[in-house]
Amino acid sequence: MDELVEVTRDLVSISSHEDETEAGDFIEQWLRTETDAEVTRDEIGNVIARKGTGVETDTELALVGHHDVVPPDESQIEDGEYVVEESDGRLYGRGTADMKGSVVASMLAFRDVDPACELVFASFVAEELGGDGARHAVENGFSPDYAIVAEGSTNYSKDGVTDVVIAHRGRRASTITASGSAAHASEPEAGKNAIYRACDAVDIVRDCSVPTVSVLGHEISGSVVATEIEGGSAWNVIPANCDITIDERTVPGERADLEAVEEIEGVTWTVEQDLPPMECDDAEFADAVLESARDAQESEPEHVTKPHATDAGWLSQAGVTCVVCGASEPGEAHTKNESVGIAVLERCYRIYRNTAERL
């Protein structure tokens, strides 16, 4: 599909790591020109379009993406625009995989399909900052029955296949703060060593059991690890403060017992960010999207799980039945050589269109 490549190149070339406005303008204008849908742009820049409101069923399916990206490598930007190159059946450039390519596949599928349900297209802002766009949409009434979030699900079960993600982990970032009292290091008993207290807390983190849950017959496990430490003021001073950063990957309905570190004297625990996990709560919908994926490719896709958080977590938390299905492959997002397969974008277009026609 030449049009799919052309529109992807146009959208990818627009800088959107600091300000998504121009990319949102492009998507909004394209939808207004190419479709007769009801198109809205909210106050923070989310673009939402609706069609098929006259169908007999009141079921609502959303095709969901985001048009912000992480900052590009210096090789990926030139004269204020992102560099987009095509080679060996792939498009290269910041945002090709994560996730403007799949956004465009969703846009074209939204335009072309005669849906069997009410169909919504949504491209959010600030996903890379923690899902601020999705949260704003949910808080202002965005609540479809079902959603396909077009983050990466390609090459998960095996190479050459786009799978359907039925669960993913969330991320809870937190800080352990250990406080003590300073003293001269020649008289350590005169102070309270905050680093020692922090080490005692890290022992609890290291021994913390992480949960495993089952979603539609697939197991998904969490993790928890200390990733940063900062403390002390000089080589000859007993440290009065020490901070430990904790990265926890959460699973639906379960958390590691990190609160236990506060049983140590002088230790507090503060959550800095909590991105929710996702689980599909409807096997019939998960199977329907998988069947659409089968019909869109020669390979045999599977239900799989995903290790990191997406906007599907915020939607799932709000009661939307979600799966994740998109073109990005493991190891492509956020890299200086980020790319996406053109054939995979075409496959995703077919998956989104198939689902909307059948749901």
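Biologist: Is R358 buried, partly exposed or exposed?
Modeller: This is a predicted model, where local features need pLDDT of at least 70, side-chain atom pairs count only at pLDDT 80 or more, and totals for chains, interfaces and linings use all residues. Residues are numbered from 1 along each chain as its sequence is written, and side-chain values use heavy atoms, with hydrogens and water left out. Buried means under 20% relative accessible area, exposed over 50%, and partly exposed in between (1.4 Å probe, protein chains only). R358 has a relative accessible area of 45%, so it's partly exposed.

Biologist: Which residue forms a salt bridge with R358?
Modeller: A salt bridge here is a side-chain nitrogen of Lys or Arg within 4 Å of a carboxyl oxygen of Asp or Glu. For R358, the closest N and O atoms of the pair are 2.7 Å apart. The pair links distant parts of the chain, 63 residues apart, with R358 in helix α8 (residues 342-358) and its partner in helix α6. That partner is D295.

Biologist: And which residue pairs up with E291 in a salt bridge?
Modeller: Helices are DSSP runs (H or I, at least four residues), strands likewise (E, at least two), numbered from the N terminus. E291 is partly exposed at 37% relative accessible area. With closest N and O atoms 3.2 Å apart, the partner is R294.

Biologist: How many residues apart in sequence are E248 and R172?
Modeller: Their side chains meet in a salt bridge (2.6 Å, N to O), and both E248 and R172 are buried. E248 sits in strand β17 (residues 241-250) and R172 in strand β11 (residues 170-179), so the pair ties together parts of the chain that are apart in sequence by 76 residues.

Biologist: How many salt bridges turn up in the whole structure?
Modeller: The pairs R358 with D295 and E291 with R294 are examples. A search of the whole structure gives a total of 23.

Biologist: What feature does UniProt place at residues 166-257?
Modeller: Over residues 166-257 the chain is 15% helix and 48% strand. The end C-alpha atoms of that stretch are 25 Å apart. The name comes from an unreviewed UniProt entry, which gives "domain: Peptidase M20 dimerisation".

Biologist: Where is D19 found?
Modeller: D19 has a relative accessible area of 44%, so it counts as partly exposed. As for its place in the chain, D19 is in the loop between α1 (2-12) and α2 (21-34).

Methods. UniProt positions are given in the numbering used here, feature names are shortened, and annotations may be inferred rather than shown by experiment.
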